[in-house]
Amino acid sequence: MAPQDAEIFRSRPRANTTTAFSSFSAPWRKPKVETLATPSTAPLSVDELIQSLIPPAVPGLTNARALASALCTYSPLPRHTILMPILAALCTSDAPAPLQAAGFDILSAYWENGEAKSLELADRMSYFSLFTGQAATTWTTELWEPKFKALRAITKFGIEILGIEVQFFSVIKSWIMNAFEHLFVLDPNERAERAERERSIEILSAFLNSVIDKPEVMARITEEEFAGVLEFYGSMVDRCIDVPSRPTSPASAPETRPSFTHHRQQSSISITSLPSPTFSSPPLLIPQPAVKQPVDIAVSLYINHLTKQLKQLPPTTLDVILPLLFRALASCASPLARLTVTSTRNTGKRSFVEDRISETLNSLFAGPYASTCLRVLQRNLYPSPKINDNAVPKEVQMAIQTSFGALRSLREYIRRTLSTRLARAYISKESAIGYSHSGLPTHLDLSRDMLERAWPKVETSTTSFSSTNGNGWDAARFRKPLSGSTRSWVEFKYTNKSVLESGGDTNAVGNSETENVDDTWVKEGQERILEEIAGILKDIIHEIESRNEDNIRLDEEEARTVGETLYQLSGYVLLLTNADGTPYLMPLSQPSSAASPFIWSLCFLLALDHTMTLNPPLSTTLLHISSHLFDSDTAKLPQIMREELSPTTPEWLENWKALLESPLAVDSRKALTRKAVMKVLECTYGDVKDLRG
């Protein structure tokens, strides 16, 4: 190899770039930062934290939270008497809310520690004094949870309340009521505080119910205190009835959740046993869910507690439970659709609260105290005997709501039995038309619930509502209560001192200057009850008409119940006058022009076909109110009563006497009616001559 070639293949030495590019790489190298070691402050011990918080030292929020965190697992625990001055300074109502929350956190952390021993009665009462008083029982967003956790800790989850049972229940109930009361005035957009209050009510009520369920607690409290919890939940329901819930519409709901400037100060201790609500912003253009109304909360609390404690309550409490449920049902009762058996019809949508109340009432009337419940229902169909002119308006309003709820409960039961009878008739009719290959009727438009209701596994004859044959409602049992309560509500009058002084006429229909505006609610409530009674009669009539069968008619007891009730119901018309004092005339041919919904329903019943068998007959009822009917309507009565006035009828003389003594035959304003009476009289006279000759 030539020397030149050897020089080519010789390896080239590596260049030293360290010195060549030292000036280039120096600016890009990250300089080392030399830090000086600073001595870290050691955390204070538990004893030091306690000393820093004992008066007259000014308590610091940081030290208070640190003490609460340390006491959770600290061992050995200091004597609890050392903490009393600290708690007295922190938990006072004059202290800022964060300091109060830290003080209650210290209390709960100490007594939730495994080394904490049970308190003596004197010490327990000393600690319990931190939760009494008007300021201590006030509900606030920042303090309700620390207070509750502290009370739960010193009582060992409600077990160690010997000697303070009454005060303990009073504090829990005051917290629940204070959180509940503010829901009526909160704006629907204040969702953060509303959700926190609802969460507080749910947790506190669950804790109260769990304490009541403990056998050792039930053995020490009196029956009055035990029933007082149910009475407390009932007061929440009555509170909702007195103040109607704020209506919410989806259109008015905001599309995005608003931002809140107020945030709850978090406690220094994480309460793992209490779930915290989470708020997540929904997507745009999605409406917010409907706000839960206070009545939903109150009714759920009442029914849940009632369901658990019903077996321990004495039967006498039904005199309080059922009227309250009746009032609650009246406050949320929705209009009932026309009675039908087919599932394609719109039967109306009821609220969750109404369904809960109806289910509870059904279980009570089907339970072991069904006969007692039935007597309570019949008694509440009538106006309360305590109502007089000296009664306050609230008592009158409660009496009206109670009677309406009792009537709605009775009506719902009658509708169930009528729909069962209607379903059986419908299935029998379809069975006669045709069968499928399996032998089942074809073209049945029935829901599964209706099929099960038509032939239930347990016949409804076992309940106190049903008739003995299990094929309908017991009309004989409810004839007197229904017609008697109708008469009582027709004659119901309530006049307070303001009415006596003003001399207003509450019976006038229309916009009269003499009508007392203050008592309009009494008349509206009275007509609402009478309209519900008319609805019961309409349901019975609709069931007969919906069968679409030949020669179908009411049985004897149903005909008597409907006839007597309708007769008493029509008596309300005799009390109505126009603004000028003349009798108010019922528009039977034009019910749409009626003065109120009840008058419209009454016009429907009075305009029924006279072939409908009633006792007393429909003609007798129309004759009873003939002075409040148009001449064109009363002119048809003599011809309709032609068979009753015929000599072939045994009571034809009594019928003629009633007709001629009524205002119908002598009213000078009804020329057509007098002419029709004379025409029928002439025909009857001819019949008598033919019989004698």
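Among contacts in the chain between residues at least 6 apart in sequence, what percentage join residues at least 24 apart? The share is 75%, where contact means heavy atoms within 4.5 Å. The model is a predicted one, in which local features need pLDDT of at least 70 and side-chain atom pairs count only at pLDDT 80 or more, while totals for chains, interfaces and linings use all residues. Residues are numbered from 1 along each chain as its sequence is written, and side-chain values use heavy atoms, with hydrogens and water left out.

The chain holds 29 helices and zero strands; these are DSSP runs numbered from the N terminus, with helices being H or I of at least four residues and strands being E of at least two. Of the 693 residues in the chain, 45% are buried. Buried here means under 20% relative accessible area, exposed means over 50%, and partly exposed lies in between (1.4 Å probe, protein chains only).

Helices α10 (residues 165-181) and α13 (residues 223-242) pack at an angle of about 10°, and their axes are 12 Å apart. Axes are lines fitted to C-alpha atoms, for helices over the stretch in contact, with angles running from 0 to 180 degrees between N-to-C directions. The two helices α10 and α13 are therefore roughly parallel, as angles under 35 degrees count as such, over 145 as roughly antiparallel, 65 to 115 as roughly perpendicular and the rest as oblique. On the α10 side the contact includes Phe169 and Phe180, and on the α13 side Phe232 and Arg239 are among the residues involved. By class, this contact has eight nonpolar, two polar and four charged residues. Ala, Val, Leu, Ile, Met, Phe, Trp, Tyr, Cys and Pro count as nonpolar, Asp, Glu, Lys and Arg as charged, and the others, Gly among them, as polar. Arg239 also lies over the face of Phe184, 4.4 Å from the ring centre. For such a placement, NZ of Lys or CZ of Arg must be within 6 Å of the ring centre and within 35 degrees of the ring normal. Arg528 lies over the face of Phe404 at 3.8 Å from the ring centre.

Aromatic pairs come next. The whole structure contains 13 of them, counted when ring centres of Phe, Tyr and Trp (its six-membered ring) lie within 6.5 Å; planes under 30 degrees apart are stacked, over 60 edge-to-face and the rest tilted. Phe232 and Tyr233 have ring centres 5.5 Å apart and planes at 50°, so this pair is tilted. Both Phe232 and Tyr233 are buried. Tyr494 and Trp521 form another tilted pair, with 6.4 Å between centres and 55° between planes. Tyr494 sits in the loop between α20 (475-490) and α21 (497-502), while Trp521 belongs to helix α22 (residues 520-547), 27 residues apart. Tyr494 is buried at 5% relative accessibility, whereas Trp521 is partly exposed at 28%. Ring pairs also link Phe104, Phe128, Phe131 and Trp175 into a cluster.

Thr684, in helix α29 (residues 671-692), is buried at 3% relative accessibility. Trp656 of helix α28 (residues 652-661) is buried too, at 6%. Leaving aside residues up to four places away in sequence, Trp656 touches Leu645, Val677, Val680, Leu681 and Thr684.
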